[in-house]
Each structure stands twice: as C-alpha cells, then as structure tokens.
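Here's a quick report on a single chain. Have a look at the fold, then read on.

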Amino acid sequence: MEIILKNKIDQDKIEALLQFLKFLNIEAIVKHEYLLKERKKVDFSLSDGFWKDYSIDGYQLRKQSWNIIE
C-alpha cells in the first residue's frame, strides 16, 4: 500500500503523522520525490542581440569573466 501526500507538508506535521502511525503499529517510511517541471531549452543565440553593439565575442566574454590569463 502507498499513501501519497500531494502538498508540501511542514516537517512537524510529518513527524506527528509518523508518531500516530507508530502508535497504531503501522510501519511507515518517508520518501521525498520532487517532480521537476520540464524546462524549455532556450537557444543561447537569442542573447546575441544584447551584445550587438559591443566588439566582444563569447570566448572573450568568458575569458574576462573567469579571469583567464593566457
């Protein structure tokens, strides 16, 4: 048997529920499963317009931001 709690439950309420189940001699296991929303992939080239007025490319930008010394 499996019971699924759909809403985010406060830890103190989970503890109370576990104590109640223990009082009834019911073995219970808490397992957290977080459902990740599917993320849309965004093409990085969409940000190209932001840098159109600058004479810098992606390589140079990363080099400056990461303080890479050649």
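## Ground rules

Helices here are DSSP runs of H or I with at least four residues, strands are runs of E with at least two, and both are numbered from the N terminus. This is a predicted model, where local features need pLDDT of at least 70, side-chain atom pairs count only at pLDDT 80 or more, and totals for chains, interfaces and linings use all residues. Residues are numbered from 1 along each chain as its sequence is written, and side-chain values use heavy atoms, leaving out hydrogens and water.

The chain has 2 helices and 0 strands.

Just after α1 comes N25, with a positive phi of about 60°, in a residue other than glycine. N25 sits in the loop between α1 and α2 (58-65). It counts as exposed because its relative accessibility is 73%; the cut-offs are under 20% for buried, over 50% for exposed and partly exposed in between, with a 1.4 Å probe and protein chains only.

## Surface

Of the chain's 70 residues, 3% count as buried. The accessible surface (Shrake-Rupley, 1.4 Å probe) is about 8100 Å², and carbon and sulfur atoms hold 56% of that.

L5 lies in the segment before α1 (11-23), and is partly exposed because its relative accessibility is 45%.
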